[in-house]
Amino acid sequence: MYRSHPVSDLFTSPPGTPVTIAGWVQTVRDHGGLLFIELRDRSGRIQCVVDAKDNRLLEEAAKTLRDEWVISLHGTVGMRPEGTVNVSVAGGDREVRVTQLTILNSAKTPPFPVGTSEEVSESLRLTYRYLDMRSPRLLEALRFRSELTALIRNHMTSHQFWEIETPLLTRSTPEGARDFLVPSRLEKGSFYALPQSPQLFKQLLMVGGLERYFQIARCFRDEDLRADRQPEFTQVDIEASFLTRDKFLGIIEELFCDIFKKFRGETLSRPFMRLTYDEAMNRYGSDKPDLRYDLPIVDLTDLARNTQFSVFTNAVAAEEGTVRGIRYPGGAALSRKEIEDLTAWAMGQGAKGLAWIKSEAEGLASPILKFIPEEVQKGVRERMEAQPGDLLLFIADTKKTALRILGALRQHVAERAGLIDRSKTSLFWVVDFPLLEWNPDEKRYEAIHHPFTAPHPDDLGILSEAPEKTRSLAYDLVLNGTEVGGGSIRNHELELQRRIFDLIGLSEEEATRRFGFLLEALSFGAPPHGGMAIGLDRLAMILLGRDSIREVMAFPKTQKGSCLLTEAPAPVDGVQLRELGIRLS
């Protein structure tokens with residue numbers, strides 16, 4: 001027998017308990033007559049003592065041990081002597097008095113210290129990911145992810161959702177990110193695509209009468225990577241029939257209440273707050289704002305008209321021009337150099353400049369005040385609720401540009417000023433997204449979410465005449481400034497789906513070529529349905545307080561999409577290419 005107990009069981013075992021444990025050698029210390037072996041398994045670590053006077057052969061075997069060797073030990077649990085207890089670790093008051101040692105495997109010297117908090121480059125850790133996994137930090141992340149997935153499965157099953165697998169080899173239906181393509185050997189010149197999401201298949205499941213579906217789905221997108229992106233990722237994919245938007249969102253809220261109760265010990269209030277897309281953009285400059293702090297964007301366009309400051313007046317005179325601002329609490333203490341650095345940062349986000357006014361106990365101070373009448377100054381101070389010590393920051397541009405820049409500036413200011421209360425949870429819905437937006441380069445409308453999203457029923461009357469003003473039944477779930485899930489009610493009526501395709505410039509022939517199987521299915525009595533996808537990697541990252549989803553994945557890729565462990569992607573044999581009918585240029 002290799003093991004009778006995981007190490008963590010020994011932390012509460014009474015003295016004298018006989019045990020057999022197995023794992024990796026963390027360290028070996030020879031104190032002359034006593035050898036101390038720190039043994040580690042995935043559950044924890046414990047000190048094991050070999051007494052030379054009891055067994056010389058055992059001592060000799062223990063002296064051969066090196067870090068990361070795999071061993072099995074038999075002995076009895078004992079309490080550490082007074083003065084040797086390690087109160088900083090679990091089980092630090094116990095030890096195992098070893099009577100038998102079996103070496104299960106030796107190990108080369110690792111390229112970095114394993115299982116310690118010592119800083120190691122990420123590239124080295126990814127190259128030896130199987131060693132990195134032995135660290136408590138990564139083990140904890142993978143254990144947490146497993147428990148989170150189990151909770152989600154149990155919740156969805158308890159709400160009568162069936163877990164159904166959908167194909168990983170499907171056809172390419174490009175709309176958004178690039179597909180990963182897989183060549184067919186049997187049909188040379190044809191390709192499968194790896195799914196960016198199970199979107200079309202889950203809608204077909206609804207047409208098939210399954211009514212409630214979910215899946216822990218692997219998805220693939222060939223796109224540029226960021227801290228929260230990977231070419232392959234996992235999402236909790238959900239779809240349901242015969243539920244209104246409110247009913248469906250209620251089920252998801254219950255799921256998140258369960259998650260936060262179990263993993264955070266936090267009771268969330270329901271229903272979750274809802275912001276419309278317009279409210280989120282106008283007030284916070286983002287469709288996923290962090291509401292753990294309140295720095296609203298203030299519209300000052302009407303006041304700016306009554307100034308002689310040309311930066312303001314020229315902006316508001318232009319089409320869709322506006323002047324808007326935010327308050328930087330305590331920012332009046334910034335030096336001129338620090339304000340210049342802040343301006344440079346804003347210009348890096350696309351701003352033409354950054355106007356500013358300091359609010360001080362004696363009044364306002366800024367080089368631009370000579371162009372702003374006193375009554376306008378008063379209006380600005382009151383509308384922005386300026387307090388002594390604040391720095392007022394202004395962007396003059398088109399509405400879309402000003403809101404985008406101020407949204408980023410709002411987050412930047414909050415981080416610099418320490419305004420984000422990390423103990424708070426900000427979890428809410430953003431609803432009523434626009435259905436379509438105009439792409440000036442391609443001179444056509446594009447779907448904001450995807451072309452299967454249903455228009456808001458109140459806006460059906462303006463769909464043809466004013467597509468850009470038509471709201472959708474799309475919704476995003478935002479947690480602490482990050483979108484952790486998104487979805488929509490779908491088009492279940494064939495003619496409405498055809499209208500949407502037409503509005504985004506898909507001819508009937510092209511729509512049939514790319515989505516004919518879906519259109520055909522909708523003609524056979526599709527029920528009203530909707531759903532969403534929750535980013536499992538991203539959710540685990542936020543709940544654990546990690547900086548990247550790579551920290552909660554077993555085998556992540558680098559930011560260039562490569563696997564340092566297996567050296568993928570890699571060239572393939574010429575024979576394989578010939579079998580596929582592929583010639584590289």
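Helices and strands here are DSSP runs, numbered from the N terminus: a helix needs at least four residues, a strand at least two. The model is predicted.

Q: Why is D246 called partly exposed?
A: Buried means under 20% relative accessible area and exposed means over 50%, with partly exposed in between. D246 has 46% relative accessibility, so it counts as partly exposed. This residue is found in helix α6. The C-alpha atoms of D246 and P271 are 9.7 Å apart, at a separation of 25 residues along the chain.

Q: What makes E320 stand out in its backbone?
A: Its phi is near 60 degrees, a positive value in a residue other than glycine. Most residues other than glycine have a negative phi. E320 lies in the loop between α9 (310-317) and β13 (321-328).

Q: Why is E320 called exposed?
A: The cut-off is over 50%. E320 has 59% relative accessibility, so it counts as exposed.

Q: Is D432, with its positive phi, buried or exposed, and why?
A: Phi of D432 is near 60 degrees, and this residue is not a glycine. Its relative accessible area is 13%; buried means under 20%, so D432 is buried. D432 lies in the loop between β17 (427-431) and β18.

Q: Which residues of helix α13 are buried?
A: L494, L496, Q497, I500, F501 and L503, in a helix that covers residues 494-503.

Q: What do the buried residues of α13 pack against?
A: They pack against β18 (436-439), β19 (444-447) and α14 (508-522). Just after α13, G505 has a positive phi of about 85 degrees.

Q: Why is R40 called buried?
A: R40 has 3% relative accessibility, under the 20% cut-off, so it counts as buried. R40 is found in strand β2 (residues 34-41).

Q: How do you know what R40 touches?
A: A contact needs heavy atoms within 4.5 Å. Not counting residues up to four places away in sequence, R40 touches G23, W24, V25, Q26, R45, E68, V114 and R134. R40 and R134 are 94 residues apart along the chain, with their C-alpha atoms separated by 8.9 Å.

Q: Why is L101 called buried?
A: Its relative accessible area is 14%, which is under 20%, so L101 is buried. L101 is found in strand β5 (residues 94-105). Among the residues it touches are I37, L58, A61 and L65. The C-alpha atoms of L101 and T20 are separated by 9.6 Å, at 81 residues apart along the chain.

Q: How do you know how many disulfides the structure holds?
A: The criterion is a pair of cysteine sulfur atoms within 2.5 Å. The count is 0 disulfides.

Q: Why are C48 and C257 called buried?
A: The limit is under 20%. C48 has a relative accessible area of 0%, so it is buried. C257 has 15%, so it is buried too.

Q: What makes up the chain as a whole?
A: The chain has 16 helices and 22 strands. Of its 585 residues, 49% count as buried. The C-alpha trace spans about 95 × 75 × 55 Å along its principal axes.

Q: Which domains does the assignment give?
A: Domain 1 (7-105), domain 2 (117-268 + 529-570), domain 3 (293-417) and domain 4 (423-526). The C-alpha centres of domain 1 and domain 2 lie 40 Å apart.

Q: How many positive and negative side chains are there?
A: There are 74 positive and 83 negative side chains. The centres of the two sets lie 3 Å apart.

How values were computed: Residues numbered from 1 in each chain as written. Predicted model: local features only at pLDDT ≥ 70, side-chain atom pairs only at ≥ 80, totals over all residues. Heavy atoms only, no water. Buried < 20%, exposed > 50% of the residue type's maximum accessible area, 1.4 Å probe, protein only. Domains from an automatic or database assignment. Lys, Arg positive; Asp, Glu negative; His and termini not counted. Charge placed at Lys NZ, Arg CZ, Asp CG, Glu CD.
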